[in-house]
Amino acid sequence: MAEKPLLSVENLTVQFRGDAGWVKAVEGVDFAVGAGECLGIVGESGSGKSVSALSILKLHNQSNTRYASGAIRYGDRDLLTLPQRRLRQVRGGEIAMIFQDPMSSLNPVLTIADQIMEPLRQHQGLSVQAARRKAIELLEMVRISDASRRIDDYPHRLSGGMRQRVMIAIAVACRPKLLIADEPTTALDVTIQSQILELLRELQREIGMSVILITHDLGVVAQFAQRVVVMYAGRVVETASVPALFERPMHPYTEGLIRAVPNLDEDVHRLTTIPGNIPDPSMSIAGCRFSPRCREAVKSCLSEPPALVDAGAGHFARCPPRIAAGGIS
Amino acid sequence: MFRAIIVRLMQSIPVLLLVAVLSFILMHLLPGDPAVVIAGADATPAAVERIRRELGLDQPIWEQLLSWFLGLAQGKFGSSLVLNQTVLSAVAERLPVTLSLAALSLTITLPIGITLGILAAYFRSSWIDAGVMMIALIGVSVPSFWIAILSVILFSVTLGWVPSSGYAPLLTAGPGPWFASLIQPAMVLSLFQIGFLARMTRSAMLDVLDQDFIRTARAKGVSEWRTVGKHGFRNALVAVVTVSGIILSLLIGGSVVVEQVFALPGIGRLVVQGIMARDYPLIQGTMLLFGFAFVLINVAVDIIYTLVDPRVRYD
């Protein structure tokens, strides 16, 4: 990425108000996505990947969220400090988002037509008739058969996969520059998953938009993304191009993740896991947040918070001992 | 849909029968004797006995119940024992007062209660929320007779804006006096209902505003106003309709206290009068009519559900 990225998240720290005060959900997160690029963000539940993604459009509940530090650079603007009115023009117009659960992400009491037409009328100022025609086109574009009739249905009459297609139609309605897909296939059947991913890939090419794909599925990332950000316990632990990450994972956590993917060619009796659990965000860990689970932890890992270090060729990892040793142990 | 409404109305028949039997039994369980009331304090035992026989109150209780039911089957609600009027005409005479009061009170309650509830939910745990909940708490917990008396002192006695009591019929007295005679009692009644409705709207909205589709609306760039008003409130509407139905049911029953304080000749006062005089047919008749009104309101609420939530269907 020689030229300026389309969007870059810099040193983002997000805090949520808990029972015992403010808790850091993500801390010092950096990543960037270039024009037309697909960036994968992987991590297990609680790693902060969704929190980071929702922060881009400031979609967290305002009353108990604090963006304690950082900036989200988009063009010459910082989305975190943009006034509400200007932010609304970006939301759905230039940056769109689809979510994990299509069952609950559509409004049950409004028709599909109403929900797709809303961003068209809001951002492009289309008339009702024009917006409706465009909405039918969009439904055809996401391969919903009988679109001109389906458009007047309510969401409960559609299957999960169809609803996610509708969500995608809403998201791409205004031909956004960036689509953030927060675990778009997690709630769907495996067969539907691949259809949805295929659809996203086609739309990405057609519209020429960038995609940030959040997932816990390394397979999806390998198929879909050009670059990956691996998150653990609210921090970025590694970022690299997809081939580099799978060939030469630098961080022990990434390595553990890749090992945990079962190989279908072998007869496996026991799945490989990473021992232990992700730490609670309210827990304070002096050194590396992965150190309690890391087999290779040395003394400095327990006391000093590690920095994200450049290992060359755009490959960064938050594991100084590994990088000093030249990568693979 | 039409079939479903018919079925619902048919299903309410056993309910109404139960209401009739219960109101009959309860009235006869109460101590007191209408014959004594009618005959007066100085009457001889023989005179009381004669009146009792004339009214058929000397018959065994199940025979009285049976003959009342036979009358009902023919559409007769009987005559009041003390009012020199049939039950139906007594109710018909007072119903416009109560309905006027109910309509006016509901017109005040709905916009204010809903707005306050939405504001409290949207600005949850802020001073706005606290303020609205304080108003709601006062509304539901301060007795209405006390509010009524304070209101009369201020608006009728001190300021002289509206009459302190009495009712001016819409058709004979005209809309101005009619409105003036009802606005004060309607507002006193509304204070309780606004509190009730605001609380229920708030909790329904709190549920809705946490839903994923609200986040979707924001992600689309929809304004906060439309997100809350259209995406949020449309989903909270089922709860609001339910509560409005309950409020309307309460209002149709007549507010005993408010009608008493403002001397409004409505259903509430009629029922109190009937109970005081042990006027069995009057009370039984009005109870049955109330039961019927409740059933109708509930059916109406069920129909409105299908309009506000496309997932609700009765077929």
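## Two crossed helices in chain A

In chain A, helix α4 (residues 112-124) and helix α5 (residues 128-141) have axes that come within 9 Å and cross at roughly 115 degrees. The axes here are lines fitted to C-alpha atoms, for helices over the stretch in contact, and angles run from 0 to 180 degrees between N-to-C directions. Helices (H or I, at least four residues) and strands (E, at least two) are DSSP runs, numbered from the N terminus. α4(A) and α5(A) are therefore roughly perpendicular to each other; on this scale, angles under 35 degrees are roughly parallel, over 145 roughly antiparallel, 65 to 115 roughly perpendicular and the rest oblique. The crossing of α4(A) past α5(A) is right-handed, where left-handed would mean the near helix is turned anticlockwise from the far one by less than a right angle, and right-handed means clockwise.

On the α4(A) side, A:A113, A:I116, A:M117, A:L120 and A:R121 do the touching, and they meet A:A131, A:R132, A:K134, A:A135 and A:L138 in α5(A). Contact means that the C-beta atoms of two residues, placed from the backbone, lie within 7 Å. Sorted by class, this contact of α4(A) with α5(A) has 7 nonpolar, no polar and 3 charged residues. For the classes, Ala, Val, Leu, Ile, Met, Phe, Trp, Tyr, Cys and Pro count as nonpolar, Asp, Glu, Lys and Arg as charged, and the others, Gly among them, as polar.

## Ground rules

This is a predicted model, so to speak of local features pLDDT has to be at least 70, side-chain atom pairs count only at pLDDT 80 or more, and totals for chains, interfaces and linings use all residues. Residues are numbered from 1 along each chain as its sequence is written, while chains are lettered from A and ligands numbered from 1 in the order in which they are written.

## A buried loop residue

A:I151 sits in the loop between α6 (147-150) and α7 (160-172) of chain A. A:I151 is buried, with 22 other C-beta atoms within 10 Å; buried takes 20 or more such atoms, exposed 12 or fewer, and partly exposed lies in between, with C-beta atoms placed from the backbone.

Leaving out neighbours within four places in sequence, A:I151 is in contact with A:I112, A:A113, A:A135, A:I136 and A:L139. A:I116 is 35 residues away from A:I151 in sequence, yet the two are 8.9 Å apart in space, C-alpha to C-alpha.

## The sheets of chain A

One open sheet has 8 strands in the order β6-β7-β8-β3-β9-β10-β12-β11 (chain A), with mixed pairing. Its edges are β6 and β11 (309-310) of chain A, each pairing on one side only. Two strands pair if DSSP finds at least two bridges between them. Strand β6 (residues 95-98) of chain A is covered on both faces, with A:I95 and A:M97 buried on one side and A:A96 and A:I98 buried on the other. β6(A) runs parallel to strand β7 (residues 178-182) of chain A, with 4 bridges between them, and A:I95 has A:L178 as its bridge partner in β7(A). α7(A) lies across β6 and β7 of chain A, at about 170 degrees to β6(A). Elsewhere in the sheet, strand β10 (residues 235-241) and strand β12 (residues 316-317) of chain A run antiparallel, joined by 2 bridges; A:E238 is partnered with A:A317 in β12(A).

A second open sheet has 4 strands in the order β2-β1-β4-β5 (chain A), with antiparallel pairing. β2 (21-33) and β5 (77-78) of chain A are the edge strands. Strand β1 (residues 7-18) and strand β4 (residues 65-74) of chain A share 8 bridges, and A:V9 stands opposite A:I72 in β4(A). Helix α1 (residues 49-56) of chain A lies across β1, β2 and β4 of chain A, at about 110 degrees to β1(A).

Chain B has 14 helices and 0 strands. Its C-alpha atoms fill a box of roughly 85 × 55 × 35 Å along the principal axes, and of its 315 residues, 35% count as buried. Helix α13 (residues 267-276) and helix α14 (residues 280-308) of chain B pack at about 145 degrees, axes 8 Å apart, in a left-handed crossing.

Between the chains, 26 residues of chain A are in contact with 19 residues of chain B. The largest share of chain A's side, 4 residues, comes from α4(A). That side divides into 12 nonpolar, 10 polar and 4 charged residues.
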